[in-house]
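Reader: I am new to this structure and would like to know what its labels rest on. Could you take me through some of them?
Author: Gladly, let's look together.

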Amino acid sequence: MLKTRLKRGKKQSRKSFPRKPNSILKKPKHESKNQETISAASPELSGEDEEYEQIEEGEDGNFSLKGSAQSHSHGVQPLGNLYFSSSPINSRNTGLGNLQTLTDELVLDILGLLGGTHLGVLSTVSKSFYVFCSHEPLWRNLVLETSEDGFLFNGSWKNTFVRAHTCSFNIVSSGIKVRNFYSDYLFQSWLCANLEMKPEWLERDNIIRKKGIFVEEFVSKFEEPNKPVLLEGCLDNWAAIEKWDREYLVEVCGDAQFSVGPVHMKLDNYFTYSDQVREERPLYLFDPKFAETVPQLGKDFQVPEYFNEDLFSLLGNDRPDYRWIIIGPAGSGSSFHIDPNSTSAWNAVVRGSKKWLLFPPDVVPPGVFPSPDGAEVACPVSIIEWFMNFYNATKSWEKRPIECVCKAGEVIFVPNGWWHLVINLEDSVAITQNFVSRRNLLNVLDFLKRPNASTLVSGTKDRVNLHDKFKNAVNASLPGTLKELMQKAEEKKRQQKKPSFWESVTDSKMGAFKFSF
């Protein structure tokens with residue numbers, strides 16, 4: 001449900017890979033020497049490497065790699081492995097020359113200013129530049145910047161870029177490895193892309209689950225007190241539950257284009273990408289206009305009865321974006337965020353399963369640093385990295401997160417203001433919708449009239465006037481509703497300030513009972 005400006009303006013940070021003497025040894029798979037056909041221009045590169053990669057151990061147990069995980073394509077190892085090496089040389093430094101004093105992140109930021117041709121030329125300068133210039137996120141950015149109408153993924157982002165610009169070029173996988181190259185930053189990028197979710201990251205399930213409850217119970221026990229709940233059985237009448245397999249979706253969507261990050265692409269091309277990709281931040285298909293683009297998709301589901309009241313619908317075509325189809329492979333998802341415009345949301349899983357973590361509005365998750373105005377959030381580069389570095393910290397918190405795995409056929413209610421993180425545990429398809437009911441109407445109106453509303457409000461072009469438009473629409477369609485809600489809010493505040501019986505009979509200074517005779 002990451003739909004806000006907060007996401008677009010989000011800053012990301014990389015926490016250093018932990019260095020520990022205890023580690024797991026994994027011998028890399030050797031590539032055949034005849035695969036070095038395109039490496040002639042690369043300086044002093046080795047097609048095979050007899051050394052071992054060391055995969056560091058987590059704080060509470062071993063990490064496990066995915067079954068299909070291969071060694072880092074260029075032999076990059078964590079910096080801690082340098083202390084176990086028979087050679088004191090880090091080819092990362094020798095190949096960068098005077099630039100070795102720069103952090104890896106800064107080197108990559110500089111390289112990100114170059115185009116594909118210049119990256120290719122620079123990669124022939126030294127072994128170190130070869131590794132840095134082959135960093136997949138650099139080529140991913142180049143593809144996305146030049147492929148507004150989509151792309152056809154070809155095994156790697158570098159290959160995809162080259163194929164798109166030189167169709168007749170015969171791309172061969174080199175399997176080139178560089179000896180004695182140590183970098184926490186580059187290694188962790190590979191590790192996060194290939195790490196399995198640890199069992200202890202999935203075992204906690206403390207969300208309240210309900211099946212077949214009345215709407216009135218949902219409102220009184222969850223929506224009004226602003227508490228998450230997982231609802232079972234309320235998608236049984238959805239045609240999507242039976243129909244939405246890959247074949248059906250590709251057939252019914254045809255040549256329709258969907259939003260995937262900053263580009264638009266056909267669904268079958270997206271599946272080509274999601275089947276092949278192995279990266280720490282897989283692209284998410286996240287489209288707000290899917291029901292208009294493919295009307296049949298909109299007919300295959302209905303809003304669960306618990307969420308039928310949606311006052312933003314009073315705005316008609318002026319309402320902000322509010323519903324999305326979400327499709328992604330295992331490892332894709334949304335890092336910590338709060339849903340836009342102070343709305344609440346529901347998320348229904350049609351295929352697959354999702355791990356959820358939610359923190360109440362007054363608790364900022366560890367490793368997450370929102371700006372004072374809430375417009376930006378600094379957080380780890382990937383979801384897996386957050387689990388590696390911060391999940392254990394929550395075990396000792398007084399206010400621990402709400403956690404669950406939401407499976408196909410289940411719906412989670414996300415109250416307004418709650419921080420939440422979501423990661424797909426397998427190929428998944430879901431529908432999510434943000435809404436405004438009487439229970440959070442005043443919160444939404446307060447949000448929309450903030451002084452920096454033009455920065456915070458999302459999903460609409462008219463951010464400045466949305467408050468007045470919405471308030472007028474509510475008053476016109478539901479006269480007296482706002483006045484009634486404000487009166488109830490004032491009464492609630494008075495009740496909260498009113499002392500209890502025991503407080504009324506206690507001496508505030510002495511902490512003892514007061515007696516009157």
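Reader: Why is His74 called buried?
Author: Buried means under 20% relative accessible area, exposed over 50%, and partly exposed in between, with a 1.4 Å probe and protein chains only. His74 has 10% relative accessibility, so it counts as buried. Please bear in mind that this is a predicted model, where local features need pLDDT of at least 70, side-chain atom pairs count only at pLDDT 80 or more, and totals for chains, interfaces and linings use all residues. Residues are numbered from 1 along each chain as its sequence is written, and side-chain values use heavy atoms, with hydrogens and water left out.

Reader: What is His74 in contact with, leaving aside its neighbours within four places in sequence?
Author: Contact means heavy atoms within 4.5 Å. By that rule, His74 is in contact with Tyr130, Val131, Ser134, Ile176, Lys177 and Val178, leaving aside those neighbours. The side chain of His74 also reaches the backbone oxygen of Ile176 at 3.3 Å.

Reader: Is Asp362 buried or exposed, and what makes it so?
Author: Asp362 has a relative accessible area of 53%, so it is exposed.

Reader: What makes the pair of Asp362 and Lys399 a polar contact?
Author: A polar contact is a pair of N or O atoms within 3.5 Å; within protein, one must be able to donate a hydrogen and the other to accept it, and residues adjacent in sequence count only if both atoms are side-chain atoms. The side chains of Asp362 and Lys399 make such a contact at 2.5 Å.

Reader: How many of the chain's residues count as buried?
Author: Of the 517 residues, 50% count as buried. The chain has 21 helices and 18 strands.

Reader: What share of the contacts with a separation of 6 or more comes from residues 24 or more positions apart?
Author: Such residues account for 80% of those contacts in the chain.

Methods: Helices (H or I, at least four residues) and strands (E, at least two) are DSSP runs, numbered from the N terminus.
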